[in-house]
Amino acid sequence: GRNSVRDAITNIANVSVYKRFKMTERTSFEIHATALNAFNHFNFASVDPTLLDAGNTSSGNGFGDPSLTGANGRRLIVGGKFTF
């Protein structure tokens with residue numbers, strides 16, 4: 001049928017927080033944390049559009065099957081910065 005082979009919905013939420021501590025008049029320290037894909041919703045790569053791959057279940061193949069493609073999970077990044 002029409003549009004029967006569509007890709008999964010992409011949901012991405014990125015969150016970043018930071019706190020700056022003033023040490024002296026001219027120096028400060030900043031700590032930050034960033035969460036990419038904060039809710040850990042799997043966003044699959046594009047669905048294989050090649051009709052010749054129908055029935056093929058190897059990695060990255062399989063016409064219209066988003067579960068066969070790779071998906072990126074949550075990434076957490078923590079860092080600090082000293083400014084003078």
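## Strands β1 and β2

Strands β1 and β2 pair in the antiparallel sense over eight bridges (two strands pair if DSSP finds at least two bridges between them). A hairpin joins the two through five residues. Strand β1 covers residues 15-22 and strand β2 covers residues 28-36; strands here are DSSP runs of E with at least two residues, helices are runs of H or I with at least four, and both are numbered from the N terminus.

The model you are looking at is predicted, so local features need pLDDT of at least 70 and side-chain atom pairs count only at pLDDT 80 or more, while totals for chains, interfaces and linings use all residues. Residues are numbered from 1 along each chain as its sequence is written, and side-chain values use heavy atoms, with hydrogens and water left out.

## The chain as a whole

The protein chain has zero helices and five strands, giving the order β-β-β-β-β from the N terminus on. Of its 84 residues, 17% count as buried (buried means under 20% relative accessible area, exposed over 50%, and partly exposed in between, with a 1.4 Å probe and protein chains only).

Among contacts with a separation of 6 or more, 57% come from residues 24 or more positions apart; a contact means heavy atoms within 4.5 Å. The accessible surface comes to about 6700 Å², and 56% of that belongs to carbon and sulfur atoms. These areas come from the Shrake-Rupley method with a 1.4 Å probe, and for residues only the protein chains shown count as cover.

## β2 and its other partner, β5

Strand β2 also pairs with β5: nine bridges join them, and they run antiparallel. Strand β5 spans residues 75-83. In β5, K81 is the bridge partner of E30.

A33 also lies in strand β2. The C-alpha atoms of A33 and V78 are 4.4 Å apart in space, although the two residues are 45 apart in sequence. Leaving aside neighbours within four places in sequence, A33 is in contact with V15, S16, V17, I77 and V78. A33 counts as partly exposed because its relative accessibility is 30%.

## E30 and the salt bridge

A search of the whole structure finds one salt bridge (a side-chain nitrogen of Lys or Arg within 4 Å of a carboxyl oxygen of Asp or Glu). R20 forms it with E30, and the closest N and O atoms are 2.7 Å apart. This pair links distant parts of the chain, with R20 in β1 and E30 in β2, 10 residues apart. Side chains of opposite charge can pair when their charged atoms come close.

E30 counts as buried because its relative accessibility is 11%. Beyond neighbours within four places in sequence, the contacts of E30 are Y18, K19, R20, G79, G80 and K81.

## A nonpolar patch and a buried loop residue

On the surface, F21, M23, F29, I31, F82 and F84 form a nonpolar patch with about 670 Å² of accessible area together. Patches are made of residues with over 30% relative accessible area and no salt bridge; like charges are joined within 9 Å, and nonpolar side chains (Val, Leu, Ile, Met, Phe, Trp, Tyr) within 5 Å. F82 lies in strand β5 and is partly exposed, with a relative accessible area of 46%.

N37 sits in the loop between β2 and β3 (43-44). N37 is not a glycine, yet it has a positive phi of about 60°. With 7% relative accessibility, N37 counts as buried.
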